[in-house]
Structures are given as structure tokens and as C-alpha cells.
Amino acid sequence: MLCQLNISNRFKSLNFDERKKKISFIIYHYTETSNLIEAVNLLTDKKRKVSSHFLIDTDGSIYNLVDIKKRAWHAGESGWKNLQDINSRSVGIEIVYPGEKKQMRYKTKQIKSLVELTKVLKKKFKILNSRILGHSDIAPHRKIDPGIYFPWKKLNQNSIGLWADDRIDETNLDKNEFKNFLKNLEKLGYPYLKNNSLKFNAFVVNSFHRHHLTKRVGKKPNKSSLLKSIDLLKINNS
Ligand SMILES: [Zn+2]
């Protein structure tokens, strides 16, 4: 299994249980650690109860921490469309990276390994591009990883994930357009949307921007955001 890749079994995590669902998602994370050993310590700590199936170091080395047949504990409380228990439905991949606040690019070797690993998993489990997501997409109320420096566009150039090019239009949205924008986010799969106010949905809007329109993170959605949601729905395949 996954034999075409060079994957190390040097570290193992006992933080897992049984899957209750078929695999249909790949979820990307960053470790928010400065190095591999800190990440391994975190993902194998019995008290912390977190883990992932794979861990990718800064030099591109891939480590398998939990058997992909098992349910690793990386997603936590999360959702997508009407689906819960994303841990049961996903393969979790952690990338050694210090966090968005450090404003660092991901290493080229890391992304190369991530692309190779994702391609194999995608093919093996027939995973749709629309279900290759970041932790922030499925848990927008709690998480921001893999952050604004994660190269979603580059992954898409390798046929991974959904991507639509920017159509910049800095016009504000009127009430109806804002409603349509939220509806589009819901259709794409974003969870935890409620009523039609920006106040209650700001964290979901931010999560969408963090993945698809990073220049608007922390800002109100505008016409660029709406156009992006429309373009993504056109290519959404689930
Ligand atoms: Zn995460």
C-alpha cells in the first residue's frame, strides 16, 4: 500500500480508534511547531489525544504515524455539507510549519511530497477535489490551519483541490448579494452558517477567504468574494 512513495515508519502514534465511515476526504494541517521532533511529540502524546495519519517534515520526508485504516484524531469538532465526524471520513496530513503568524512560505520539498502523497491517496480512495480541504474549512470556528501561505493554487496546478482564478471587483455587496454569497458558501460545503448577518458568519467568511481569496482575510466580503464563490460552484463536482 502506498508503496510507490518513500514513507518512514520511524514514529507511531497510539492516538486512534476505529473508522465508522469510508474515506472520502483529505484534510491538511500545519503542526504549529518549529521542527519535526516537537511535532512528533505532540502527535504521539497520549494526554493530548491528537494525531494524524501522515506528517511531512521541512525536508519533504513523509512519516506514517497512524494506519490509514484507522481513525486518527486530527479534525476535532468539524463538518462539511451535512456530514459530521470528519475524522472517520478522512486522511489527515500534518505539515511541519510554525504557523500563519510567522509569515513563512512552505518549503518546496514539503509541497512536492504533499502533492505526491495526495495524488496516491486521491487515486486509491477516489477522493473528489472538492473534498481536499484545510482544517480551517471544516472547523472555521476554531482553526486557521493550513493558513494563508498554503499554496492551494500550486496544488490545483497538480490537479489537486478546487481553484478559481481571482476576478477582482472591489464593489461592496448589497444585502441580496451578501445573502447569495452565504448561500454559495453553504452550497460549497462550509459548515456552521447561520442566519444572514456578517456578525454571526464572519468566521466562516474568513475561512473561505483564507483558502480562496487571502487578500480579504479579516475584511468584509465584496464582489471579488461573490465572483469567486460563483466560479467555484461552476467547477464543484460534489
Ligand atoms: Zn489542524
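Visitor: How are residues numbered, and which pLDDT limits apply?
Guide: Residues are numbered from 1 along each chain as its sequence is written. In this predicted model, totals for chains, interfaces and linings use all residues, side-chain atom pairs count only at pLDDT 80 or more, and local features need pLDDT of at least 70.

Visitor: What separation do the centres of domain 1 and domain 2 have?
Guide: The protein chain is divided into domain 1 (2-156) and domain 2 (175-236). These bounds come from an automatic or database domain assignment. Taken over C-alpha atoms, the separation of the two centres is 24 Å.

Visitor: Which element gives the most to the side of domain 1 that touches domain 2?
Guide: The contact takes 13 residues from domain 1 and twelve from domain 2. Two residues are in contact if their C-beta atoms, placed from the backbone, lie within 7 Å. Elements are DSSP runs numbered from the N terminus: helices are H or I with at least four residues, strands are E with at least two. With three residues, the top contributor on the domain 1 side is helix 4.

Visitor: How many nonpolar, polar and charged residues has the side of domain 1 that touches domain 2?
Guide: Ala, Val, Leu, Ile, Met, Phe, Trp, Tyr, Cys and Pro count as nonpolar, Asp, Glu, Lys and Arg as charged, and the others, Gly among them, as polar. By that scheme, this side has six nonpolar, five polar and two charged residues.

Visitor: What is the strand order of the open sheet, and which strands stand at its edges?
Guide: The six strands have mixed pairing and the order 1-5-4-7-3-8. Two strands pair if DSSP finds at least two bridges between them.

Visitor: How many bridges join strand 3 to strand 7, and how many join strand 3 to strand 8?
Guide: Both pairings are parallel. In strand 7, Gly92 is the bridge partner of Ile27, and Ile93 stands opposite Tyr28. In strand 8, Ile132 is the bridge partner of Ile26. The count is six bridges with strand 7 and three with strand 8.

Visitor: Which residues of strand 3 are buried on each side?
Guide: A residue is buried if 20 or more other C-beta atoms lie within 10 Å of its own, exposed if 12 or fewer, and partly exposed in between, with C-beta atoms placed from the backbone. Six of the six residues of strand 3 are buried. One side has Phe25, Ile27 and His29; the other has Ile26, Tyr28 and Tyr30.

Visitor: At what angle does helix 3 run to strand 7?
Guide: Helix 3 lies across strands 3, 4, 5, 7 and 8. Axes are lines fitted to C-alpha atoms, for helices over the stretch in contact, and angles run from 0 to 180 degrees between N-to-C directions. For helix 3 and strand 7, the angle is about 170°.

Visitor: Which residues have the most contacts inside the largest nonpolar core?
Guide: A nonpolar core is a set of buried Ala, Val, Leu, Ile, Met, Phe, Trp, Tyr and Cys residues joined through C-beta atoms within 7 Å. The largest one has 34 residues. Its largest share, five residues, comes from strand 3. The residues with the most contacts inside this core are Ile27, Leu55, Ile93 and Ile95.

Visitor: Which residues does Leu55 touch beyond four places in sequence?
Guide: Leu55 is among the core residues with the most contacts. Not counting residues up to four places away, Leu55 touches Ala39, Leu43, Tyr63, Leu65, Glu94 and Val96.

Visitor: Is Lys49 buried or exposed?
Guide: Lys49 is not a glycine, yet its phi is positive, about 55°. This residue lies in the loop between helix 1 (36-44) and strand 4 (54-56). Lys49 has 9 other C-beta atoms within 10 Å, so it is exposed.

Visitor: Which residues does Gly99 contact beyond four places in sequence?
Guide: Gly99 lies in the loop between strand 7 and helix 3. It is partly exposed, with 17 other C-beta atoms within 10 Å. Its contacts are Tyr30, Glu32 and Gly147.
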